[in-house]
Amino acid sequence: MEHIGTADWIWLIPVLPLLGAAINGFFGTRLQRRFGEKAVHAVAILMPSLSFFITLGYFIRLMGLPEAERQLLCHLFDWIHIDTFTVPLAFWFDTLSAVMALMVTLVGTLIHIYSTAYMHKDTSYWRFFSFMNLFMFAMLTLVLGDNFLLMFIGWEGVGLCSYLLIAFWYQDIDKAQAGMKAFITNRIGDFGFIVGIFALMWALGGGWSDSGFTLVNPGQLTVVFREVQQYVGSLEGATIFGMSVATFACLCFFWGATAKSAQIPLYVWLPDAMAGPTPVSALIHAATMVTAGVYMVARLNFLFAMSATAMTAVALVGALTALFAATIGLFQNDIKKVLAYSTVSQLGYMFLGVGVGAYWAGIFHLLTHAFFKACLFLGSGSVIHAMHHAYHKAHNHDDDPQDMRNMGGLGRHMPTTRWTYLAACVAIAGFPFMSGFFSKDEILWKAFSNANTLVPGWILWAIGATGAVLTAFYMFRSYYMTFSGTFRGGAETERHLHESPKAITVVLSILGVLSIVGGVMGLPHLWHLPNWLEHWLAPVFHGSQALVKWGEFTHSTEWTLMLVSVLVAVTGFLFARMLYRDNRSEIPARMLKRFPAIHRVLYHKYYVDELYDATAIAGSVGLAKVSDWFDKYIIDGIVNLTGYFARFISWLHGLSDIYLVDGLVNGLAHASGAIGRWLRGWQTGRIQTYLYGVLGGGLVLILIRFILFD
Amino acid sequence: MIIGLPHYLIVAAVLFSLGIICVVSRRNAIGLLMGVELILNSANINLVAFARYVESGISGQVFALFVIVLAAAEAAVAMAIVMAIYRHLRNIDTAAAVNLKE
Amino acid sequence: MTWDNLPSLYPVLVLALGMLVVLVAGLTRAGQRRETRLILFIGMATLALAGVAGAGLSGATEISGLFRSDAFSRFVLFFGLISTALTLVLANNSREVAGRRMAEFTAIILALCTGLFLMSAAKDLLMAYLAMELVSLSSYILTGFRRADRLSHEAALKYVIYGGVASGVMVFGMSLLYGLTGTTSFSGISKALTGASTVAGAGQVGELAVVVAGVFVFAGFCFKIAAVPFHQWCPDVYQGAPTPFTGFLSVAPKAAGFALILRFLADIFPATGAHEAKWPLVTLLGIISAVTMTLGNFTALHQLNVKRLLAYSSIAHAGYMLMGVIVLDTDGSAAVILYLIVYLFMNLGAFAIIQLVSDSSGSSDLPAFTGLGTRAPLLAVFMGVFLFSLAGLPPLAGFIGKFYLFAALLKSNQFWFIILAVIGILNSVVALFYYVRILREMFLRAPAGEAPAAPAVPAVVMAVLALLVVPTLIFGVYWEPIRSLAVYAASALNLM
Amino acid sequence: MTESTLLSWIVFTPLLGIPVILALPKEKKQLIRYVAAITCAIPLLLGVYLYLIFDPSNTGIQLAHHFVWIRSFHIEYYLGVDGLSILMILLTVLISFIACIASFGIEKYLRGYFALFLLLETGMLGTFCALDFFLFYVFWEVMLLPMYFLIGIWGGPRKEYAAIKFFLYTLFGSLLMLLAIIALYFNSNPATLVDGTPVPHTFNMIKLITENDFANAPALLGFAFSKIVFIALFIGFAIKVPIVPFHTWLPDAHVEAPTPISVILAGVLLKMGGYGILRVNFGILPEATVWFAPAMALIGGVSIVYAAFVCLAQKDLKKLIAYSSVSHMGFVLLGIASFTEQGITGGVFQMWTHGLISPMLFLLAGVIYDRAHHREIEGFGGLAYRMPEYTGAIGLAFMASLGLPGLCGFISEVLVFLGAFPVFRTLTIISAMAVIITAAYYLWTIQRMFLGKLNEKYKDLPDLTWRERFTLYPLGALIVLLGIYPAPAMSLITDKLMNILQMFHG
């Protein structure tokens with residue numbers, strides 16, 4: 001880390017989309033009314049593309065630098081500065097963030113172009129593009145952030161944008177509900193992330209002993225990634241809550257990642273997030289935002305590598321999520337739901353990759369996944385767009401344009417969509433020489449051969465492999481149900497089916513090509529071909545290389561595993577083809593009747609949502625009601641000097657307007673009211689009682705005098 | 001047995017308690033005033049007795065004289081007020097004069 | 001009694017002379033006419049002359065052990081003169097009092113003023129008794145001054161009977177005290193009580209006799225300042241008496257009563273000797289103070305007649321002032337004197353406004369004040385200033401008075417004194433509630449139905465009000481002068 | 001208007017405005033409003049000038065205006081500003097000016113309203129500037145009077161009850177404080193007045209802080225002196241913060257107070273408690289503060305979590321914001337009780353950021369109340385369609401309040417948690433959980449009020465008017481700017497806070 005180049009324009013990369021968001025945000029309505037949609041999307045597309053070119057420029061400059069010096073810093077100012085503790089507002093452009101930024105800007109720009117067609121003639125067109133640009137800003141800040149807190153701005157920023165975009169058509173209350181669910185689940189994750197930051201930072205500075213916290217070296221209190229990496233050595237012996245600080249911090253960060261990247265147990269929001277427009281699902285819930293968790297784990301590779309338990313947790317959760325989500329995906333009828341669960345599953349693979357220590361493999365799968373998953377989503381978007389258009393023309397408003405059961409045989413009407421969708425399916429399934437094959441196979445091989453996790457490598461491999469079979473099956477099931485066979489949606493609508501406009505098809509084809517070609521970045525060592533990506537990311541991950549251990553296996557095992565993964569992909573494909581091609585066979589129907597229970601459980605996502613509603617949400621709302629009652633009656637009651645008293649006055653004199661407080665029980669005021677009433681009773685108006693007072697008063701005084709002083 | 005200081009004191013004390021009882025029990029305004037007079041006179045007896053036996057000086061007697069004078073003044077004022085009450089209430093029963101209360 | 005210390009009696013002579021002149025003027029036809037400007041003029045002239053006479057005096061002259069004219073009694077003299085002058089002006093413009101009998105009212109109140117000065121100057125039991133009787137008798141008459149009003153007579157009746165019994169008990173106490181100590185002068189009593197063993201046989205009996213005598217004497221004093229066991233006359237008399245006189249009654253006699261108590265205690269426990277004997281008396285007074293405050297405030301919570309409410313408030317304020325008395329040092333008495341000065345302005349002011357409102361609306365109950373904020377905003381604001389000052393809120397003078405009382409208590413750092421201060425704090429919170437209830441009536445409530453006419457405020461009364469509001473505001477911010485006056489007066493008492 | 005009298009001008013300009021306003025004729029409503037606005041603008045301009053000439057690195061008292069006031073009781077008129085009070089003074093002048101503009105909607109008894117409003121402003125400014133304990137107490141109480149009438153006369157349906165409750169709560173606290181002040185005075189070491197006359201005791205806060213050590217003062221009421229005086233002062237300030245057991249006056253006062261007054265109440269009055277604790281408790285009784293710190297942190301934590309849950313169950317928008325204020329002020333306590341650089345800076349900065357966010361929230365609540373005349377959250381629905389600009393503004397305010405990074409709420413929140421984590425580990429984690437509940441109730445409110453089908457009752461609700469924009473946008477801009485670049489505000493306080501921390505670590 002000795003030599004850090006300075007680059008003073010990196011801050012433009014995130015800020016340009018922010019500028020775009022601001023322009024569209026404040027002047028969007030006027031722009032749209034006066035110059036039409038053109039002006040709006042002109043601004044919206046220009047900004048990310050500019051960012052893309054700047055990123056490309058710096059990417060090339062980075063390529064030019066010698067390997068050890070491939071990191072650029074753009075320091076703007078000290079964001080938070082308190083005496084010795086400073087948090088700089090600075091952007092960090094090293095090989096990892098370069099690759100990520102490039103992917104984000106490229107895919108983002110393409111999806112912006114796609115959206116111009118998809119969102120055509122939507123009234124709040126400007127608002128959509130403003131939020132999309134805002135999202136680009138947040139994602140780029142997250143990726144380019146130089147320290148935890150700046151990354152956290154991006155982290156929550158993307159959460160906010162996903163909320164705004166999921167609930168884009170806020171008129172429909174369920175879509176708004178989905179948005180809120182996403183934001184709150186993310187917020188639960190962010191809570192873990194923040195606690196992780198605190199624990200890590202303070203552990204660097206000193207340590208917790210039984211007598212509390214002792215600050216050893218205040219100089220090391222930092223949140224900047226590279227400085228954390230420098231001082232991480234001092235975490236050796238430190239323990240917190242009984243486990244090593246590294247483990248605790250990593251588990252907290254991973255808790256944040258599970259929310260952001262939809263892993264078990266906080267994945268529930270992603271399927272509902274499909275309520276948003278399809279380009280949103282493509283950009284945010286497939287390519288960029290959900291991968292933030294993987295990027296974070298990769299960025300903190302030196303920390304994760306220090307604790308085996310944390311790595312095992314990441315790998316295991318990743319593998320289980322991959323399998324679990326794949327099972328749910330099998331029988332979904334909504335095309336976007338299928339893709340949603342597929343995303344969750346693929347993310348599981350990425351976490352499996354980074355979990356076992358093959359960080360570059362995780363990133364490699366992330367990049368390839370971005371291409372083919374975006375392509376799949378946009379493909380489904382184009383299908384939905386066409387179906388919606390056709391239904392509209394045929395005045396049929398009750399059928400759901402997203403339900404695959406009403407589709408079929410669209411291949412004839414939408415050739416480009418079909419071929420690009422097929423290309424992506426092939427890539428994701430892992431057919432040989434496809435991008436998916438290289439990245440997924442690398443992950444499975446690294447999982448098999450790793451010696452870092454407490455769980456033996458072959459178990460992880462086995463889970464991953466079964467997941468891969470299911471992936472292939474449900475992808476091709478969706479392909480055949482949509483594009484092959486005869487159109488099940490009625491002749492009238494079929495007449496109006498035609499290919500989507502040029503903007504959509506061009507983007508689809510670009511992504512299709514990328515998803516096929518993408519694999520070239522990280523060719524396996526086995527074939528003695530140059531593995532560019534691993535070499536490119538090496539400086540970032542050299543911190544963890546020392547700690548990560550691999551089992552020694554002969555080349556033959558590696559070849560056999562590669563063959564097995566090809567076999568897996570092919571079997572999945574054949575099965576799907578047999579069951580769903582041209583919708584001819586009735587096996588699926590018969591299976592449905594024989595095992596209705598299994599189907600219902602899988603279709604209803606193991607009733608996890610209902611479980612959460614019953615426990616967490618009902619619990620907190622219940623607790624809220626109890627504390628509100630407690631606050632209104634108990635605390636307010638005891639302390640309230642005037643409430644009950646005012647009511648008492650009115651009861652006494654029937655002055656209704658003073659009767660203000662209903663139902664407020666209150667001790668003190670009642671007491672003062674009672675004393676007052678009792679004392680008043682003495683004043684009877686008869687002189688005799690007064691004279692008794694004189695006599696009695698005198699006697700009492702004499703008595704007190706003797707009681708007290710004798 | 002010769003009459004000494006204690007005898008006077010006892011008479012004064014008895015007179016004082018009679019005055020208190022009269023004041024507390026009588027309902028008639030004038031009865032009450034009589035009670036007040038009794039109390040004042042008991043104080044006079046005390047004063048005169050102490051002047052003779054304790055101080056063997058005359059300040060006690062001077063004090064008694066003043067008390068007598070003031071008792072008369074007070075009686076005059078009280079009578080005037082009772083007269084005013086009578087003109088309104090037709091009776092001087094203190095139990096009737098109770099609308100100033102609580 | 002030599003001729004050269006006669007000047008110290010000039011104020012008394014002037015007042016007596018003034019009284020006679022007023023009575024004679026009252027008989028002449030000019031005095032009979034409804035126009036009573038002549039009577040007022042004579043009254044004010046007498047007060048001014050007495051003031052000039054008083055100002056001329058300096059230093060301390062004792063007259064045959066009976067009477068001591070020093071800075072302290074001169075303070076009480078000026079206090080009495082000012083409050084009488086203000087009351088005269090108010091009475092002159094009040095519907096309850098004005099009319100042909102204004103001459104008698106002025107004459108009697110001048111007599112009362114003389115009594116106040118004598119009370120504070122008394123050095124002898126006889127003098128104390130005489131002065132108290134003079135004040136009491138005059139106030140009996142003035143309480144029943146409203147000829148047509150049954151309430152006024154009933155109040156006077158109760159007052160005269162209650163006062164009679166109380167002064168009777170006090171005299172009996174004084175006789176016992178005389179018997180025990182052989183002298184009637186305060187200093188003599190103090191030497192007898194604290195010096196040699198008690199004359200009439202030592203031991204338990206002597207002790208009991210002293211206590212009974214002390215309690216009976218204090219019964220008379222407490223009646224005068226309306227402290228708890230002997231306060232029951234106060235609400236009825238305040239409600240029955242004509243409003244201007246009620247104002248005067250709540251301020252001047254109470255001040256004289258406190259002056260007498262301070263004088264009495266100062267002479268019994270002079271600065272010289274360390275007095276363990278004082279603790280029983282101090283504790284008794286402390287208990288009386290606490291009970292007075294609490295009873296006054298809590299009973300006032302329920303009042304619906306404003307005069308009666310202020311009666312209980314004045315009882316509570318007597319309780320606060322007793323806090324200053326029990327500390328028995330110059331700081332404590334200076335705090336009491338300061339509180340009295342501030343109390344004069346705020347209480348007289350409050351009663352003046354009640355007088356205006358009850359004159360125009362016929363009743364002094366709370367509903368009469370509803371919506372005053374809209375009808376007569378200036379009066380309502382003045383009343384607000386007086387009430388908030390009575391409640392003891394900082395920017396106003398009432399707070400300064402309370403502040404010094406609490407400071408005197410806390411300075412001594414005695415456990416029970418601090419407890420008393422805390423009780424004082426809690427009482428201030430309760431007190432705020434009933435003062436703010438009047439404000440709520442005035443400002444926060446619009447009058448139901450047709451609003452009674454805004455009270456007509458003659459120019460003179462407005463001047464008096466201004467004379468009362470301005471000090472309440474100014475002394476809240478800059479009270480150096482009255483503080484130095486209080487310390488100067490208190491030092492004359494040669495307490496610790 | 002020299003350097004030293006600047007503070008006196010800032011504090012007493014509003015007071016000078018009162019007679020001018022009272023002299024104006026009752027009918028000319030617009031004239032009265034403009035005169036009031038100008039009177040509020042002057043302290044704002046002076047505040048800006050103060051900001052320019054204030055030197056953050058000097059941890060001592062600056063711009064002191066100091067002369068003997070009451071010689072007999074050694075009371076001085078002593079105004080001064082330092083790192084602690086500079087932020088609060090700037091906040092007060094800003095929020096008062098904005099509230100004054102927002103008061104243009106008031107119709108009843110205009111002159112009385114603005115007179116009391118200006119008196120309130122003087123009281124607030126005085127409390128922050130006063131460095132003589134007696135003067136501090138006088139200004140502290142001067143605020144009570146106008147607040148009672150402002151809530152009582154111009155308030156909502158239950159205004160009288162809310163007003164008297166506010167008055168009694170605060171009065172009880174402040175009277176306790178009075179006893180503590182007197183006790184401190186009588187136990188203070190001899191000092192000299194500003195003109196050199198030696199005095200046995202002193203009210204001068206700075207001397208009480210620097211030249212006195214109350215650790216070994218005589219016991220009071222049987223307890224250790226510094227502990228019981230600390231508790232008395234703490235209760236007096238805690239009622240104002242407010243912390244949980246003493247907070248029940250806040251929802252009532254906020255719900256019933258007219259919008260501009262609840263803006264002032266939330267924006268400035270709640271900061272008095274925090275400022276008082278830092279200036280008085282921390283300064284004068286350091287060892288009692290160390291003894292009480294864990295309890296203070298616990299109280300702060302409880303306030304945060306408890307109030308957040310209560311918010312979740314609220315039906316009335318203003319009550320919800322009021323309870324969220326209670327929750328946010330819990331951060332202040334948690335922060336300052338941690339004695340770490342980040343914690344104490346976070347606590348003080350939280351007072352500043354909350355002072356920007358909650359006024360904006362109350363203004364927005366006021367906007368919707370002026371239009372729909374009710375504040376039931378369920379009563380609305382789908383407002384975003386009719387009032388997009390308003391939805392944007394309230395969205396920004398809600399996000400800032402729930403601590404969205406990039407806005408100023410986040411910075412103070414994260415600093416408080418960061419600072420409190422090493423010292424109170426589990427408490428901080430539990431309090432951090434409350435951040436989720438905060439997000440939940442704000443989002444649920446947005447859900448019920450702004451999203452979903454438009455409630456046809458509000459088909460024709462107009463969007464923001466220019467006056468409302470003029471009050472909301474400055475606050476919005478500040479919230480965003482200070483979120484990205486907090487240095488201008490934070491640099492003012494850091495040096496002074498480090499100086500205070502010296503006493504605890506040094």
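Helices α11 and α14 of chain C pack at about 170°, so they are roughly antiparallel to each other. The model is predicted.

**Helix pair in chain C**

- Helix α11(C) covers residues 243-268, and helix α14(C) covers residues 330-361.
- Their axes lie 7 Å apart.
- From α11(C), the contact includes Thr243(C), Pro244(C), Thr246(C), Gly247(C) and Ser250(C). Val251(C), Ala255(C), Phe258(C) and Leu262(C) also take part.
- From α14(C), the residues include Ser333(C), Val336(C), Leu340(C), Tyr343(C), Leu344(C) and Asn347(C). Also among them are Leu348(C), Phe351(C), Ala352(C), Ile354(C), Gln355(C) and Ser358(C).

**Helix α16 of chain D**

- Helix α16(D) runs over residues 388-401.
- At 1.5 Å a residue, its 14 residues should span 20 Å. The end C-alpha atoms are 20 Å apart, which agrees.
- Ten of the 14 residues are buried, so α16(D) is largely enclosed by the rest of the structure.
- The buried residues include Tyr390(D), Thr391(D), Ala393(D), Ile394(D) and Leu396(D). Ala397(D), Phe398(D), Met399(D), Ala400(D) and Ser401(D) are buried too.
- Just after α16(D), Gly403(D) takes a positive phi of about 80°.

**Contact of chain D with chain A**

- Chain D gives 46 residues to this contact, and chain A gives 45 residues.
- On the chain D side, α7 (159-186), α12 (286-312) and α14 (341-372) are among the elements that each supply at least two residues. So are α17 (408-420), α18 (425-450) and α20 (487-505) of chain D.
- The largest share of the chain D side, ten residues, comes from α18(D).
- By class, the side of chain D that touches chain A has 33 nonpolar, eight polar and five charged residues.

**Contact of chain A with chain C**

- Here chain A gives 23 residues and chain C gives 28 residues.
- On the chain A side, the elements that give two or more residues are α27 (667-682) and α28 (687-709) of chain A.
- Helix α28(A) provides the largest share of that side, 14 residues.
- By class, the side of chain A that touches chain C has twelve nonpolar, eight polar and three charged residues.

Methods:
Residues are numbered from 1 along each chain as its sequence is written. Chains are lettered from A and ligands numbered from 1 in the order in which they are written. This is a predicted model: local features need pLDDT of at least 70, side-chain atom pairs count only at pLDDT 80 or more; totals for chains, interfaces and linings use all residues. Two residues are in contact if their C-beta atoms, placed from the backbone, lie within 7 Å. Helices (H or I, at least four residues) and strands (E, at least two) are DSSP runs, numbered from the N terminus. Ala, Val, Leu, Ile, Met, Phe, Trp, Tyr, Cys and Pro count as nonpolar, Asp, Glu, Lys and Arg as charged, and the others, Gly among them, as polar. Axes are lines fitted to C-alpha atoms, for helices over the stretch in contact, and angles run from 0 to 180 degrees between N-to-C directions. Angles under 35 degrees count as roughly parallel, over 145 as roughly antiparallel, 65 to 115 as roughly perpendicular and the rest as oblique. The expected span of a helix is 1.5 Å times one less than its number of residues. A residue is buried if 20 or more other C-beta atoms lie within 10 Å of its own, exposed if 12 or fewer, and partly exposed in between; C-beta atoms are placed from the backbone.
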